[in-house]
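Here is a short report for a first look. Please keep the sequence and the 3D view at hand while reading.

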Amino acid sequence: MQFGKSIRSQWLLEENCVFLNHGSFGATPKVVLDAQTRWRQRLEQQPVRFMSQELPDALRAAAAALAACIGAKGEDIVFVENATAGINAVVRSLSFSPGDRIVTTNHVYGAIRKTLEFVCQRTGAKLIEAQVPFPISNAAEIVASIATQLDANVKLLVIDHITSPTALIFPVAEIIGLAKLGNIPVLVDGAHAPGMIPLNIESLNADWYVGNCHKWLFAPKGCGFLWTSPQRQPETHPTVISHGLGSGYCNEFDWTGTRDFSAWLAVTEAIAFARQLGVSQIYDHNHNLAVWAAQLLIHAWGGQTTTPSNMIGAMTTIQIPTRKNIYSDRELHNYLWEFHHIEVPIIPFANSLWVRISAQIYNEPSEYRLLAEALLQ
């Protein structure tokens with residue numbers, strides 16, 4: 001199937017919207033939403049039977065299907081609402097003391113920074129942010145920045161696989177290897193990775209890995225996962241404690257109370273949708289379009305390259321034209337939407353404003369040309 005406008009009818013996106021922000025919340029194809037509806041209807045036909053008898057096996061089957069496409073085992077995968085919920089479950093399961101250090105970077109997602117600050121305030125631990133430069137020349141700069149902050153007092157390293165504000169692909173395997181030399185546990189925030197880049201979670205040798213399926217893997221909203229290494233599972237608990245406490249990792253997370261499980265169960269249809277179109281073809285299209293669009297905007301706006309192409313997935317971040325810095329991020333976002341019907345995030349970072357573009361299979365070059373022209377007016 002050809003990508004671009006010819007496939008956009010597979011989504012419910014507004015017809016006159018230039019949607020260049022798949023990275024924030026994703027966009028779920030109609031066929032996946034239909035599958036979610038069928039799960040909801042199945043629940044309502046006999047709620048007691050579904051919750052008590054059918055749901056446990058269905059959840060484990062969905063976890064196994066997801067695990068197969070991200071390089072993991074189903075028994076190490078549990079579902080959570082989103083990556084933030086997964087990170088909360090991990091850090092609030094751990095114990096910290098005054099003098100302990102938790103290390104992350106200045107590219108950390110805002111909600112995760114708040115989570116880590118909350119834990120530090122309650123325990124007396126100290127949050128350290130390694131200063132990763134941006135723009136960046138190569139992955140070695142990331143590793144070097146983090147290495148300077150690792151010592152015997154670091155009890156947890158929290159790193160992004162793909163950063164939210166700057167869309168950098170971090171060299172997570174190398175960073176994890178560095179941390180393991182000092183026996184430092186590593187939690188990876190992979191919110192954007194599933195569906196954007198090839199994944200083999202087990203090979204990374206992390207302690208925990210969280211990801212979202214509703215961003216780039218086409219699942220309904222509220223579908224995230226937590227992968228935990230077998231050695232760490234006994235100490236890892238859901239943020240909401242329920243009947244499963246003490247009965248094992250999967251049992252604890254699979255049931256934390258009554259909720260709508262349909263987003264998790266429909267992940268199998270999302271995976272099938274991606275496979276039908278060709279997973280490698282999706283990766284290639286989105287990466288190539290993002291790299292091309294970045295160069296278009298840089299040339300149009302007279303800026304500089306911020307990210308090497310091998311550190312770009314399906315998103316990238318470009319500095320806005322200098323003369324637009326007199327406006328706030330909200331003003332620029334609202335201007336693009338109200339006058340050009342372009343949905344794209346304007347992100348304040350490192351004392352400047354940046355536009356973070358996403359490239360999904362329903363996007364095409366003409367949409368980025370519209371963005372280039374809109375910010376030159």
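Is Ser262 buried or exposed? Ser262 counts as buried, because its relative accessibility is 3%. Buried means under 20% relative accessible area, exposed over 50%, and partly exposed in between, with a 1.4 Å probe and protein chains only.

This is a predicted model, in which local features need pLDDT of at least 70 and side-chain atom pairs count only at pLDDT 80 or more, while totals for chains, interfaces and linings use all residues. Residues are numbered from 1 along each chain as its sequence is written, and side-chain values use heavy atoms, with hydrogens and water left out.

**Around Ser262**

Ser262 sits in helix H10 (residues 262-265). Helices (H or I, at least four residues) and strands (E, at least two) are DSSP runs, numbered from the N terminus. The Ser262 side chain makes a polar contact with the side chain of Asp260, at 2.6 Å. A polar contact is a pair of N or O atoms within 3.5 Å; within protein, one must be able to donate a hydrogen and the other to accept it, and residues adjacent in sequence count only if both atoms are side-chain atoms. Leaving aside neighbours within four places in sequence, Ser262 is in contact (heavy atoms within 4.5 Å) with Gln36, Trp39 and Arg40.

**The sheet**

Seven strands form an open, mixed sheet in the order E2-E8-E7-E6-E5-E3-E4. Strands E2 (77-80) and E4 (126-130) stand at the edges, each with a single partner strand, so one side of each has no neighbour in the sheet. Two strands pair if DSSP finds at least two bridges between them. E3 (residues 101-105) and E4 pair in the parallel sense over five bridges. Thr104 has Glu129 in E4 as its bridge partner.

| Helix | Strands | Angle |
|---|---|---|
| H3 (residues 47-70) | touches E2 and E8 (224-228) | about 110° with E2 |
| H4 (residues 83-91) | lies across E2, E5, E6, E7 and E8 | about 160° to E7 |

H4 is mostly covered, with seven of its nine residues buried. Among them are Gly86, Ile87 and Asn88. Asn82 caps the N-terminal end of H4: a side-chain oxygen lies 3.2 Å from the backbone nitrogen of Thr84.

**The core**

The largest nonpolar core has 84 residues. Such a core is a set of buried Ala, Val, Leu, Ile, Met, Phe, Trp, Tyr and Cys residues joined through side-chain atoms within 4.5 Å. Leu66, Ile77, Phe79, Leu157, Ile159, Tyr209 and Phe225 touch the most other members.

Conventions:
Axes are lines fitted to C-alpha atoms, for helices over the stretch in contact, and angles run from 0 to 180 degrees between N-to-C directions.
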